[in-house]
Amino acid sequence: MLRLLKYLINRGIVTNKAVPELLDDNITGFPKATDVPCVSECQACTESCPTGAIEITREKSIAIDRGACITCKECIRVCPSGTLINDTSVASFAFTREDLFRPAPAKAETGPDRSIFSKSLAVRVVSTGCSACDLELAAASNPIFDMERFGIHVVASPRFADALVVTGPVPKSMHEPLLSCYEAMSDPKLVIALGTCAISGGVHKNGYTEANGVGPLLPVDIFIPGCPPHPWQIIKGILAARRLNGRIRKEDQG
Amino acid sequence: MKLNLKQLSSEERTARLKAALDAGDRLGLITSIDGDQLIMLLLSPGKRSIDCYETPVAGGTYKSATAMVPQAHWFERTTWDMFGLVPEGHPRLKRTHLHEPYTLTSPPLSHERRKAIEKTIQPESGDRRHAGDRSYHFLGVEGQGVYEIPVGPIHAGIIEPGHFRFSCYGEIILNLEIRLGYVHRGIEKRLSEVPWQRGRFVAEAAASDMPVANSLAHATAVEYLLQIEVPRLALYLRSIALEIERIAMHLSDLGGLAGDIGFLAIASSMGRLRGVALRMGELLSGNRLMRGFICPGGVVSASMRVAEEIAQLARQLKQELKPVVAFYMDNQVAVDRMEGVGVVRSSLAREFGLVGVAARASGDRYDCRNYWNHGAYPNVDLEPANETSGDVFARAKVRISEIETSLKLLINFLDDLKEGSFLVSLPDRLEANSSSVAIVESHRGELIHFIHTDARGEIQRYCIKDASVNNWTALAIAVRNNVVADFPLCNKSFSLSYSGHDL
């Protein structure tokens, strides 16, 4: 036992100090449109996108839906003019579905940081998909990222939870379990859609299993896009809950 | 490889299957293309050959093989659920994928003609063949003092969903029934709907703790139908990615196992070491899980510059792993906790056709990397891990030995990289009216992708058989007569995929 302690102490601290603003350059993030003009009539990016996340609007600007993007980088690869670039912003989350159509802010806004949850958030995770987001969420708790030091705990029952984190596109067999989990949480509560599938259904949407994400079932407070999001993006997104006060069911109000 | 469909009459089917298994061959999968036939893949690893049999099914029913060949049971249940083909005489015919909430009136993968037949069977008639009857009954265990523990589908930690129904007597588990299908997203159907060029994004999402294995199987199966040769550099990079994935996931599973014992120093050390493995993947592909790296025709990017850096990390990992493994495996308390728990005897492993770590911990030496063409295999010298005791400890030792083998392979592959092209251009169409299969050794074991194309060269049927399909039954058997508190340990030692099974 002492030898083990000695070994662990000699390893030193592996935890990264603070949440960075940008991921490493070589990591694939979301595509971002720059001011470089497109080649005229070029539709290469929209044609290459497997989930229809890119649209060229009538005003000839490029609209990218990060909530549908699976970060496959195909659009950046086929773009002949270099208009699309790789965006490695960590603050890729959004509070509304519409905000996911805007590029992620280069620097996260620092809000009032004083909500009813203060600096501690107990999250309940319901996984309904391929488990990539689950792996990255689990990695966010490992010694390298260590999200518990920021006050985020994963709890084993909805009764203890402030926020419900949903990963995956929620296929039909999971509708009922997910709703009953939400129902079992006490007010005020938040719903966090983690990953592209949970936000829009991703590659699974509009199939016979009705796997179209959390949106059709529950009100979502924080959207964390990515396929899967990087652990830093997950931590940053969940920390944004500090700016929200949570929902209270209507019948309990007043 | 490309397959020739051989015709087999329904009378001969079970006998042929039984004879093949007795001769040491393996059952790859049983499925259908559109509900008019049964497809059966028999693998002969020794001869490196695959036989694909097609049996016409008249009237939507056929004679079940399960009573003779127990490992057919899950395939037959799935084929009933997805195609409406009823295996007559199946001892426990239950739905696997489509639960009560589904209001489908016809099976999702059968063709229109069969769907019309389904519609003529009235749900009120009590005919269980009707797609509308989605009732599910757990096996009841009766007797004084016997009680049930239902667990799931949502679990306590960050785990995929599935339902476990334990029948217990005191602390002892008498029976465990596992109900899966909660994350059935319709991947196979989607793969026959999207253009094949985009199929890889869907295939990868089948089970994302093994995106490399799935995209490699997808690419390999598609390449047989395109009749193209993949450049050597791409084959090597694919194998490098697959070994990195195996190392990362085995480390993660060993850490989970240590965590379930309560040995947190090892759990967090494994988490740290997995970080090194993920870093290798990130350098190789720009993504920690290496998603989007492998595509039909090769790989999407290749940089010789990072090869040395990855090799450096692999050597570092090899060094750092030694003391952690020693602390783990020399700890008598930890070993005591794992020894003799969740035993799968080798005869059962063979009978139920186990694959991967579970098989190699029970005396089977089957490792797809030695037999089937994918990545740079089978042209490497590889000694499969082999343990015989079939318990949690054996499965942990197999994982450790496989990490060591993978690190050695990884360093060899990296040393052997030669500059060259890494992607070839692809023809527009897949070969029409053809079938192909790719078999990949994922970190869980044998992963099979089967493709059948129609007369226009479109994908008519895409079938994925994850290693978990074979191994979930083994978990249910392994926990019998163990105590309830050992279930998490047994479960982790198999480390099975819910999404890979459910697709």
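Let's start at B:Ala241. Leaving aside its neighbours within four places in sequence, this alanine is in contact with B:Val212, B:Leu284, B:Ser285, B:Met290, B:Phe293 and B:Ile294. Please keep in mind that we are looking at a predicted model.

Now, on to how the two chains meet. Here 44 residues of chain B are in contact with 45 residues of chain A. On the chain B side, helices H4 (187-193), H5 (199-204), H8 (264-285) and H9 (305-329) each supply at least two residues. H8(B) gives the most, with seven residues.

Domain 1 covers 2-122 and domain 2 covers 215-464. Their centres, taken over C-alpha atoms, are separated by 29 Å. The contact between them takes 17 residues from domain 1 of chain B and 16 residues from domain 2 of chain B. On the domain 1 side, strands S1 (2-3), S3 (26-31) and S5 (49-56) of chain B each supply at least two residues, and the largest share, five residues, comes from S3(B). By class, the domain 1 side has 10 nonpolar, three polar and four charged residues.

S1(B) brings us to a sheet. Four strands of chain B form an open sheet in the order S1-S13-S14-S15, with antiparallel pairing. Why is one side of S1 and of S15 left without a neighbour in the sheet? Both strands of chain B stand at the edges, and each has a single partner strand, so there is nothing in the sheet on one side of each.

Let's walk across the sheet. S1(B) pairs with S13(B) over two bridges in the antiparallel sense, and B:Leu3 has B:Ser435 in S13(B) as its bridge partner. Next, S13 (residues 435-441) and S14 of chain B pair over seven bridges, again antiparallel. Here B:Ile439 stands opposite B:Ile448 in S14(B). The hairpin of S13(B) and S14(B) has four residues between the strands, and B:Gly445 takes a positive phi near 135° there.

How many residues of S14(B) are buried? Eight of its eight residues, 446-453, are buried. B:Glu446, B:Ile448, B:Phe450 and B:His452 point one way, while B:Leu447, B:His449, B:Ile451 and B:Thr453 point the other way, and all are buried.

For a contrast, let's finish with a helix in chain A. Of the 10 residues of H1(A), residues 2-11, the number buried is zero, so this helix lies largely in the open. Just after H1(A) comes A:Gly12, which takes a positive phi of about 75°.

Note on methods. Residues numbered from 1 in each chain as written. Chains lettered and ligands numbered in written order. Predicted model: local features only at pLDDT ≥ 70, side-chain atom pairs only at ≥ 80, totals over all residues. Contact = placed C-beta atoms within 7 Å. Domains from an automatic or database assignment. Nonpolar A, V, L, I, M, F, W, Y, C, P; charged D, E, K, R; others polar. Buried ≥ 20, exposed ≤ 12 C-beta atoms within 10 Å, placed from the backbone. Pairing = 2+ DSSP bridges.
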